[in-house]
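Subject: Structure handover

Hello,

Here is the structure I promised to pass on. Please open it first, then read my notes below.

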Amino acid sequence: PNGAGKTTTIRMITGYLPPSSGRIEVCGHDTVHDSLRARLALGYLPESTPLYPEMRVSDYLFFRSRLYALKIRERRPAVERAITRCWLGQVANKRISQLSKGYRQRVGLAAALLHNPSVLILDEPTNGLDPTQIQETRKLIRELAEDRTVLVSSHILPEVERTCDRVVILSRGRVRAD
């Protein structure tokens, strides 16, 4: 349900918030004591994707590749791979402000994939998309899950059932079903 603790849990996994108790590891790295390595293993698409509307898609992805500390020789192939994987080829030279919500989601997802993370966290990835965009996003999530762990957060159970192999239900910050 809304308010169950999904986004708060994601914020703890991604290192935006420290856990109030216990500990969280991502690929063997503690999110508090080894947060840089934990964060480098993660790709994160928040519910409201932070984008720079005045930038062109490819320029934005190059900018983000520098934030992940990709080496200069790795940046262009990483950006091209992300553009291809997220079906952004036809809009790569457009300004983000000119894109539909669906394409903006894809840009955010491409940015999260640039450094080829082992774990991908998607918070409400189909929120506000039209039916065609939802189907395309589901397909892409399933493809991405072939070679990495993908955690999808959503309160829309039919959407989760169509996309995920495992469902964990939270309520009031606690696991209620797995």
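The lining of the largest pocket divides into 23 nonpolar, 12 polar and 10 charged residues. Here Ala, Val, Leu, Ile, Met, Phe, Trp, Tyr, Cys and Pro count as nonpolar, Asp, Glu, Lys and Arg as charged, and the others, Gly among them, as polar.

A word on the source. This is a predicted model: local features need pLDDT of at least 70, side-chain atom pairs count only at pLDDT 80 or more, and totals for chains, interfaces and linings use all residues. Residues are numbered from 1 along each chain as its sequence is written, and side-chain values use heavy atoms, with hydrogens and water left out.

**Pockets**

The largest pocket holds about 1,300 Å³ of space. A pocket is an open set of points on a 1 Å grid over the protein atoms alone, where a 1.4 Å probe fits, with protein on both sides within 12 Å along at least five of seven lines; lining residues have an atom within 4 Å of a point. Volume is the space filled by probe spheres set on the points, which are joined across faces, edges and corners.

The lining has 45 residues, and T9, L151, V152, V168 and L170 lie nearest the centre. Helix 1 gives the largest share, 6 residues. Helices (H or I, at least four residues) and strands (E, at least two) are DSSP runs, numbered from the N terminus.

The second largest pocket has a volume of about 620 Å³. Of its 24 lining residues, Y16, R39, Y44, R64 and Y68 are closest to the centre. Strand 3 gives the most, with 4 residues.

**Salt bridges**

There are 6 salt bridges, each a side-chain nitrogen of Lys or Arg within 4 Å of a carboxyl oxygen of Asp or Glu.

E136 pairs with R106, the closest N and O atoms being 2.2 Å apart. E136 is in helix 6 and R106 in helix 5, 30 residues apart. E136 is partly exposed at 29% relative accessible area, while R106 is buried at 12%. Buried means under 20%, exposed over 50%, partly exposed in between (1.4 Å probe, protein chains only).

R138 and E159 also meet in a salt bridge, 3.0 Å from N to O. R138 lies in helix 6 and E159 in helix 7, so the pair ties together parts 21 residues apart in sequence. Both residues are buried.

D30 bridges to R23 at 3.4 Å between the closest N and O atoms. R23, E25 and D30 are linked in a network of salt bridges.

Best wishes
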